Amino acid sequence: VQIGGEAGRIIRPTAFDSAPDGTFVVADAPGDSRRVQIFLESGNPLGGFLMQGRPVPLITLGDVALSGLGTLEYTGRSIFISQPDSGALVAEYDATGTPRRSFGELRPTGQERDRAVHEALNVGMPLPAADGGSFFVFLTGVPMFRKYDAAGTLQFERHVEGPEVDAYLREMPRAWPRRKTADGEIPLVPSMIRTAAVDPQGRLWISLVAPVTYVYDATGEKRRTLQFRSAGIIAPTSFFFTRDGRVLATPGCYAFPAAP
């Protein structure tokens, strides 16, 4: 796939996901727009659409600023996007960009008077689960996740807890700097979560900014705390689970045995 702002090319990519059939989706940012495009495994484009709505908050990981359209999940038929500016946590689209549904109430943040900050504190990762439902992992604010069933009904909510989280909670900001854009000012909100994924057994893996990963079972109970080591300790920025029971982690695309 070539670089460019034209349809079928990619410029300033912010998110990627692939489906079992080999097709994949890339979110990018041509100009001031937010775009989602679908490609064949060969890189040939299948189509795409522009996202509507206001400028989105910027989520920061250290010195790196990520677009609010920095997380999406693609099943081959549907694209799930974290879109709190729609009034719900998750928006589901078909391949043409037609909305199918939205689900998940925004959580209370104490910042409801500042709409941009309130929405930024509700940005997260929608993660389809094996039972047809979805996990939603909040990337900002108090670390937590929710589980929804296939109809979008809340099943449970859990806080992400552990000694690695305590320092973040003590230092969590109460005010956020803003970046000026052509459409106004956008808050910069730090993230505690680097990435999250659901493995074939239905377990939820959450990688923290601290180089530690928590593994939760399908009921939301924490089962393991992991640390990945290669040439040194790494903090995974993405996970991929193979059919032979390994987990691939970036940066570096290292392969590890998945937790039993």
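Visitor: What makes a residue buried or exposed here?

Guide: Buried means under 20% relative accessible area, exposed means over 50%, and partly exposed lies in between (1.4 Å probe, protein chains only). This is a predicted model, where local features need pLDDT of at least 70, side-chain atom pairs count only at pLDDT 80 or more, and totals for chains, interfaces and linings use all residues. Side-chain values use heavy atoms, without hydrogens and water, and residues are numbered from 1 along each chain as its sequence is written.

Visitor: Why is Phe239 called buried?

Guide: Its relative accessibility is 11%, so Phe239 counts as buried. Phe228, at 5%, is buried as well.

Visitor: What makes Phe228 and Phe239 a tilted pair?

Guide: Rings of Phe, Tyr and Trp (its six-membered ring) pair if their centres lie within 6.5 Å; planes under 30 degrees apart are stacked, over 60 edge-to-face, the rest tilted. Here the centres are 5.9 Å apart and the planes meet at 45 degrees, so the pair is tilted. It links distant parts of the chain: Phe228 sits in strand E21 (residues 228–229) and Phe239 in strand E23 (residues 238–241), 11 residues apart. Strands are DSSP runs (E, at least two residues), numbered from the N terminus.

Visitor: Why does Phe16 count as exposed?

Guide: Phe16 has 53% relative accessibility, so it is exposed. Phe24 has 14% and is buried.

Visitor: How do you know that Lys222 lies over the face of Tyr214?

Guide: A charge sits over a ring if NZ of Lys or CZ of Arg is within 6 Å of the ring centre and within 35 degrees of the ring normal. Lys222 is at 3.8 Å from the ring centre of Tyr214. Arg107 lies over the face of Phe138, at 4.1 Å.

Notes: Helices (H or I, at least four residues) and strands (E, at least two) are DSSP runs, numbered from the N terminus.
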